[in-house]
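Student: Can you walk me through this one? I'd like to start with the domains.
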Amino acid sequence: MDIRRRGILKAGGGTGVLALAAAAGLIRAGGAFAQQWNKAAFETKTVAATLKALGGGGSVESAQVQIIAPDIAENGAVVPITIESGLAKTQSIAILIEKNPSTLSADFDIPEGTDPFITTRVKMAETSNIYAVVKADGKYFHAVKEIKVTLGGCGG
Amino acid sequence: MRYRLPVLVLAAMCSGACVAQQDTQKEIERYRQLLAEGNPADLFEARGEELWKAPRGPKKASLEQCDLGLGAGVVKGAYAQLPRYFSDTDRVQDLESRLVTCRVTLQGFTPGDAVKNPFSAPGRSSDMEALASYVAAESKGMKLDAPLSHPKEVEAFRIGEQLFYRRAGPHDFACVSCHGETGRRIRLQELPKLTDPKDARKIFTTWPAYRVSQGTVRTMQHRLYDCYWQMRHPQLDYVSEASIALEVFMAKYANGGEIQAPGLKR
Amino acid sequence: MADPMRIRASMAGDKVEVRVLMSHEMETGLRKDANGALVPAHFIQNVTVTHAGKTVLSAQWGTSISKNPFVHFRFKGGKPGEKVTISWVDNKGERRTDEAVIISG
């Protein structure tokens, strides 16, 4: 029940991209898990465009969104990043990497009962700002952190 | 002696830069710690265990009767006492060369086929990396105790020692050029002094390791092969006598160190 | 068929702490092979985690999630002995589902 209902709510109430995607048939229906993949959002190349594609054009910086990550990554192929939101009714957490060829790295849906906390690993093409974008109670908030990507040595 | 003076002078002058380097080092330590909670080498360990038990080769046999030094089929603790002399082949062998031996004797592969594809490449995984991960993990937490008593083990040590110190190639490098002094580094990568047990015990025992820059587990054979390439020496052949001799040499200084393999590295 | 995931689901207080390692190339589509040809993108697009029929996490991924992805998260409502099921689908339509039993912390 949950997944289909959420799908309908998104397509119906969302701004711009998702509604268009639904209309254009980009959202694949069928099966027990109706899989959506926000193609347009994954193709944007700036933070502003990505925020807009996610519906978060008016995102506000918030100290309640925490990014826990090293200041320096020994190798850009694997950069550990943890995002924790202290905002009530957190619905989703997205990771944006400003200088990557595609800005949007991931978008996590946080159902009720799941902690607004995610740890994963991302690829960074070069030293860049990382944005954690949180949707809470229908509104968007974000935090920024710069992570330096170094040239390593020999890897011993 | 003359050549060392400028280095000492630089060391005395380096205050600001040194502090910056220390901060950088701390951040890199943090980066490594944050990665420690999930080592992709786990995936290789699981695949290695499957490969160990899978019937393969012309004889359609598994590796479960392979003798890694503690008896046929004994995997637990085997990695902690390699490299060592084996009477059935009458030579000193490391883990990978022993796996090759078992592929030939138990599974029926030709010696040529048994050494094919030791190092994975994009789109082409290597069974060796998975097998080495599995076997090494079965010695995790144990102290390295590679023997150095049999005449052939002692001979291998002496050959390894010669190779370690012998400068060659267009850069006139030897292993000792990078690994002969404490506190050396290349860019931001620290270089262990491999003849100092303090360093050797912590580093030698973290191989094989998942290397994030390579996106796969790399073994000690690959590390040596890569070092030889970086020194612009001629290619170090897979499981060659020279490669094993170097491992016997290094193991002497690393003995007593706790096996923390498969590790996780840049 | 892709290699199995390594899943660890354990109790941390009244929450279930899940750590999962997935085996996937996560090819970006920007890499060139030895012949100079672009290797096509091959990456996990959707991840779904369920417990007792309820979705406890779902995600859409792009190509910049690292190779052999790792995810760590926590949810409430699970108990030792119950199962956590994780599924992924990639852009080629390949999929993988694995499950793990929740253990005590």
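Tutor: Domain bounds here come from an automatic or database domain assignment. For chain B, that gives domain 1 (41-137) and domain 2 (145-265). This is a predicted model, where local features need pLDDT of at least 70, side-chain atom pairs count only at pLDDT 80 or more, and totals for chains, interfaces and linings use all residues. Residues are numbered from 1 along each chain as its sequence is written, chains are lettered from A and ligands numbered from 1 in the order in which they are written.

Student: How far apart do the centres of the two domains lie?
Tutor: Their C-alpha centres lie 20 Å apart.

Student: And how many residues does the contact take from each?
Tutor: Domain 1 of chain B gives 27 residues and domain 2 of chain B gives 26. Contact needs C-beta atoms, placed from the backbone, within 7 Å.

Student: Which element gives the largest share on the domain 1 side?
Tutor: H6(B), with six residues. Helices (H or I, at least four residues) and strands (E, at least two) are DSSP runs, numbered from the N terminus.

Student: New topic. How many residues of chain A are in contact with chain C?
Tutor: 31 residues of chain A, and they meet 28 residues of chain C. Helix H1 (2-13), strand S6 (104-109) and strand S7 (117-122) of chain A each supply at least two residues of that side of chain A.

Student: What joins S7(A) to strand S5 of chain C?
Tutor: Two bridges, and the strands run antiparallel. Strands pair if DSSP finds at least two bridges between them.

Student: Which residue is the bridge partner of Thr120(A)?
Tutor: Val71(C), in S5(C).

Key:
Contact = placed C-beta atoms within 7 Å.
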